[in-house]
Number of protein chains: 2
Amino acid sequence: MKVDRRKFIAAGSAALSGAALAQAARAAPAPRRLRDQRRIATEEAFTTPEQAAALIALAGSNWRSLDLGLWADRTVEGAVGGHLALEGERVRIMDENGVAMQVLSLTSPGVQMFNADLGTEIAINANDRLFETIQRYPGRFAGLAAFAPQDPARATKEMERAISKLGLNGFISNSHTNGEYMDDPKYWPILEAAEALDRPIYIHPRSPSDAMIDAYGHYGMELAVWGYQAEVGLHAMRLILGGIFDRFPNLKIVIGHMGKNIPFHLWRTDNKHRSERSPLKRKPSEYFVDNFVITTSGVRDHMPLDYSVKKLGADNVLWAVDFPYEDTRLAVEAMDSAPFSQEVINKIYYENAERIFKIKNL
Amino acid sequence: MKVDRRKFIAAGSAALSGAALAQAARAAPAPRRLRDQRRIATEEAFTTPEQAAALIALAGSNWRSLDLGLWADRTVEGAVGGHLALEGERVRIMDENGVAMQVLSLTSPGVQMFNADLGTEIAINANDRLFETIQRYPGRFAGLAAFAPQDPARATKEMERAISKLGLNGFISNSHTNGEYMDDPKYWPILEAAEALDRPIYIHPRSPSDAMIDAYGHYGMELAVWGYQAEVGLHAMRLILGGIFDRFPNLKIVIGHMGKNIPFHLWRTDNKHRSERSPLKRKPSEYFVDNFVITTSGVRDHMPLDYSVKKLGADNVLWAVDFPYEDTRLAVEAMDSAPFSQEVINKIYYENAERIFKIKNL
């Protein structure tokens, strides 16, 4: 049994005593369903040398983009040599924590800060690398294909290749592209392709766009502390209120971090949506329930989890860790101890993921 | 017993039959605690001829501000003659629905779109009118003072007058002022004055600022359907993460609409706030619990209400209607039927309001 290193350190000098060591060990039990529970983690990040190099190059520029702070003071070797590596220690950490499978995706902001040529090239390269890793570890990985929305025609071509040739399981997009959102008709071919290929698009966060630097660019709030939910929540609402799901009724969108607060606001969105003046066929909440699923990435609080299952239904919530940005063991412990029946636990841990991402249980 | 006009109209031609009329009447029972429950509504709007005229004048300009849509195609007579009038049918509607008291505030966007001179003038005038109305109906109204953040020196002078001379109960501010937020040091005198006067500031929504027009200015989402929560949530987070409550530890902020999704995100904000690099003395959630209270304005869904009471404590949730933008009867029915003990109902309905706004029960 391993001692929780953070609790150990937090205990300070007291941790030197045998009693404190024993207590720390007791505080970190093996997850109770470790062996017999199937777990698929659905928002798990990797980088490639090509993506890392291109982002680190941008971080050395004068572009004030809120996304680049995370890439400053980094090296390609450090980025690719750490836990963002496609392989590395990933499988060991999965094994230690009873994670059967990770659904992998190129880390944020993906390829959306590059021009269309470079973005397309890095996306294709990342998808090829992803395919190779999936082949090398049968049953342990699924993958979401990157694409460059900057060039919708080449994006849809790559989306087609990613499903038909590489057998990937869906798509990843990191919210806005140059401050634009996918309700803009120029991006409709991408939504149409996802619907036709019958695979979901995971709208992952990136920081708010350049127009919002003055608003969000303070105190680190452009990141997960607040900005990520603002950014993806805005994107999801634009898709819903813009009538995207009347146009593409079978399109499925995945959003993480317990649904970006939308479950909490859903009644009010319905209530204040002016149905008499709206072109929408249905209430906003109906699209959210039918065309979206949410994941638990980065949220280990049972209160919003329980709320979301009640509000959206157990079929609409998927487990995720957000590796390597979040701790796998803590995410397993939080879900293992969630106050649900085994039936609901199974849906959240793997059944919903198998259905949404068309994952075969080998 | 009155027929609910909206249900009546919605029923269309069927409503002409006696059976449909009887059904509509049955659907609108008197609230069960109508007579014996004290109710204080805490986010209740009014306008003045001066504010309405000035906003309608702006609505005729080329300013693309997202706030002005609501003031287009209106007349001063219409605005002041309707339910936004300080008096008018207000007391009758309160009586019919068992509302003992409204805490009144100048409607959004207040005076924050005007220059400092005009804004200050309209605020002073509105506060005088508010005072007169409160005097005319003893025990039926409390009031939040308007002020123009554009001129912090004159704002604090008016805040002082509003409490010491007019006996008002707090302050109202409509989120950003020219895209700036109150964590900006230029606004600290306002926060300092509120703390010294021991009265809360209600941060009411307005639409996102001009920099966010491209992001939020679609499908009506600049309003309550989504933009209001984004705007006030951002403002509240800036105050918390900017260390405002270390500087002004007794400052109290009120936010409506069930806390702008912050209760749902609070665990993640704590988790992703980089405490090791932060200048804050406490966790973000501790400031939210100690320095904020939330109101139920515009939210009649028991799920987020129940969640908020559990997350923040029953002392931190206040009832509000958001009159005249929301229906008083429906807001009473929603709170009367909330799944709480009478002790919790009393806190939400009036005890918390009396404490926060220093309202005397005449």
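## Strand β2 of chain A and its neighbours

A:V103 stands opposite A:A142 in β3(A), and three bridges join β2(A) to β3(A), the two strands running parallel. Strands and helices are DSSP runs numbered from the N terminus, a strand (E) having at least two residues and a helix (H or I) at least four, and two strands pair if DSSP finds at least two bridges between them. This is a predicted model, in which local features need pLDDT of at least 70 and side-chain atom pairs count only at pLDDT 80 or more, while totals for chains, interfaces and linings use all residues. Residues are numbered from 1 along each chain as its sequence is written, chains are lettered from A and ligands numbered from 1 in the order in which they are written, and side-chain values use heavy atoms, with hydrogens and water left out.

Strand β1 (residues 40-46) of chain A is joined to β2(A) by five bridges, again in parallel, and here A:A41 stands opposite A:Q102.

## Helix α7 of chain A

In α7(A), A:P152, A:A155, A:T156, A:E158, A:M159, A:A162 and A:I163 are buried. They cover an arc of only 160° around the axis, judged by the directions from the helix axis to the C-beta atoms, which puts them on the same side of α7(A).

The face turned away from this buried side carries the exposed residues A:A153 and A:K157. What covers the buried residues includes α6 (116-136), β3 (141-145), β4 (170-173) and α8 (188-197) of chain A.

## The sheet of chain B

In chain B, eight strands form an open sheet in the order β1-β2-β3-β4-β5-β6-β7-β8, with parallel pairing. The edges are β1 (40-46) and β8 (317-318) of chain B, each with a single partner strand, so one side of each is left without a neighbour in the sheet. Three bridges join β3 (residues 141-146) to β4 (residues 170-173) of chain B, and the bridge partner of B:A146 in β4(B) is B:I172.

Conventions
Buried < 20%, exposed > 50% of the residue type's maximum accessible area, 1.4 Å probe, protein only. Contact = heavy atoms within 4.5 Å.
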